[in-house]
Amino acid sequence: MAVYTDITEDDLKRFLTEYDVGELTSYKGIAEGVENSNFLLHTTRDPLILTLYEKRVEKADLPFFLGLMQHLSAKGLSCPLPLPRRDGQLLGELSGRPAALISFLEGMWLRKPEARHCREVGRALAEMHLAGEGFEIVRPNALSLEGWKTLWAKSADRADEVETGLQDEVTAELEYLEAHWPKDLPAGVIHADLFQDNVFFLGDNLSGLIDFYFACNDLLAYDVAICLNAWCFEKDGSYNVTKGSAMLDGYASVRPLSPDEVAALPVLARGSALRFFLTRLYDWLTTPAGALVVKKDPLEYLRKLRFHRQVRSATEYGLSA
Ligand SMILES: Nc1ncnc2c1ncn2[C@@H]1O[C@H](COP(=O)(O)OP(=O)(O)O)[C@@H](O)[C@H]1O
Ligand SMILES: N[C@@H](CCOP(=O)(O)O)C(=O)O
C-alpha cells in the first residue's frame, strides 16, 4: 500500500476549496503504487485522483511532470490531466506535501497480459514518443548511468546480504555499461516506468497511460527496453519471445526503430534491468519493517539482467527480420 502521508477530512476539504470540482462526498487511500501517496476522491461531479508527492519526487520536477501530462493529452494521448486551481496553479500543498488533483482515468491494469496487449503497449509507447515532440521543458534522466552509480554507492556494502557475490557482479556490470552505453541514438521524452500497473485497459483495449513521475528526456529505445523487461518475462523468469515480438511490432507500426537502435537493444535492456534492480535493492535495504508499502523483489531484475547479458542480437527479443 502506498499511502505515506495521511490526510484529514478537514484539511482535504480546505484544499479542495481552491478548486472548482464540486463537493467532496468520500475519499480513500489507494492500496497500489510505490512512489507517492494517492487517494481516490468522489465528489458531486467527477471522480478524481489526489496525489501527494513523496521522497523520490523533486518539487522542482513537478512542472515537468504536470506540464507533460497536459502536453500529451493535448496531442491526443489518453492520460490523466492535472486540474488547475482557481488561481491557475497546478500544484498546491496538503499535509505538508506538494499535492495535485488529476483526472480519473477509466480502466484497470492487467495482471496477466497476453501478446495482444503487449502489441497495444508497444503502439502506445511509440505514440507517446511522437506526442512528446515539442514539449519544451527538459528533464535529464536522474536514473541513468550517474544516478545508478549514486544509488549503488548507497547499497553496495550491503548487497551481499541479498545474494552472495552481488557486490562484485554489479560493480562489473556498471563498468561494462559505462563503457558501452550508446550516446547517439534518437532521444526525446520517455515514460521510463511503463510497467503493467501504469497501463490501463478497458476489456482488451488500452484506455490510457498513467504515472509520469519518472518521465524524462533520454534515448527512446531505452523506453522500449524498459517495456521489454516489464512486460515480456514470465513469472518463472523466462523471456516470452511472442510477447517481445508483439511489443516490438506494435512499436514499429507507429515509429520504426533505426538499425542503430536495434543493435543497441541488448545493452539498453541490461541498463534498464540494472536500473530497476538498483532502486528495488535500495528500497529493500532501507524501507523500515512495517511500512505501508509492498517492497518489490530486486532479484527479479537481477535474473533479467543475467538473461540480457547472454543475448547477442535483438532478434532474440523477437524482432522480425
Ligand atoms: N489518473 C488516475 N486514474 C485512475 N486511477 C489512478 C490514476 N492515477 C493513479 N491511479 C491509481 O493509483 C495507483 C497508484 O498510482 P501510481 O501513479 O502508479 O502511483 P506511484 O507513483 O506511487 O507508483 C494506480 O495503480 C491506480 O490504481
Ligand atoms: N515500476 C517500478 C517501481 C515504481 O512503481 P510504480 O508503482 O510507480 O510503477 C518497479 O517495478 O521497480
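User: Which domains does the domain assignment of the protein chain give?
Analyst: The model is predicted. Its protein chain is divided by the domain assignment into two stretches, and these are domain 1 (9–103) and domain 2 (115–317).

User: How many residues of domain 1 are in contact with domain 2, and how many of domain 2 take part?
Analyst: The C-alpha centres of the two domains are 26 Å apart. On the domain 1 side, the residues that touch domain 2 comprise 11 nonpolar, 5 polar and 4 charged ones. The contact involves 20 residues of domain 1 and 18 residues of domain 2.

User: What is the strand order of the open sheet, and which strands are its edge strands?
Analyst: The open sheet has 5 strands with antiparallel pairing, in the order S1-S2-S3-S5-S4. Neighbouring strands are turned by 35° against each other on average, direction ignored. Pairing on one side only marks the edge strands, which are strand S1 (24–29) and S4.

User: Which residue in S5 is the bridge partner of Leu50?
Analyst: Strand S3 (residues 48–52) pairs with strand S5 (residues 97–103) in the antiparallel sense over 5 bridges. Within S5, Ala99 stands opposite Leu52. The bridge partner of Leu50 in S5 is Leu101.

User: Which residue in the turn of the S4 and S5 hairpin has a positive phi?
Analyst: Strand S4 (residues 92–94) is joined to S5 by 3 bridges, and the two run antiparallel. One of the pairs places Gly92 with Ala99 of S5. The hairpin leaves 2 residues between the strands, and the turn residue with a positive phi, of about 50°, is Ser95.

User: Does Arg303 count as buried, exposed or partly exposed, and why?
Analyst: Arg303 belongs to helix H9 (residues 298–309). A residue is buried with 20 or more other C-beta atoms within 10 Å and exposed with 12 or fewer. Since Arg303 has 15 C-beta neighbours inside 10 Å, this residue counts as partly exposed.

User: What distance separates the C-alpha atoms of Arg303 and Phe277?
Analyst: Along the chain, Arg303 and Phe277 are 26 residues apart. The separation of the two C-alpha atoms is 9.5 Å.

Key:
Residues are numbered from 1 along each chain as its sequence is written. Chains are lettered from A and ligands numbered from 1 in the order in which they are written. This is a predicted model: local features need pLDDT of at least 70, side-chain atom pairs count only at pLDDT 80 or more; totals for chains, interfaces and linings use all residues. Two strands pair if DSSP finds at least two bridges between them. Helices (H or I, at least four residues) and strands (E, at least two) are DSSP runs, numbered from the N terminus. Domain bounds come from an automatic or database domain assignment. Two residues are in contact if their C-beta atoms, placed from the backbone, lie within 7 Å. Ala, Val, Leu, Ile, Met, Phe, Trp, Tyr, Cys and Pro count as nonpolar, Asp, Glu, Lys and Arg as charged, and the others, Gly among them, as polar. Axes are lines fitted to C-alpha atoms, for helices over the stretch in contact, and angles run from 0 to 180 degrees between N-to-C directions.
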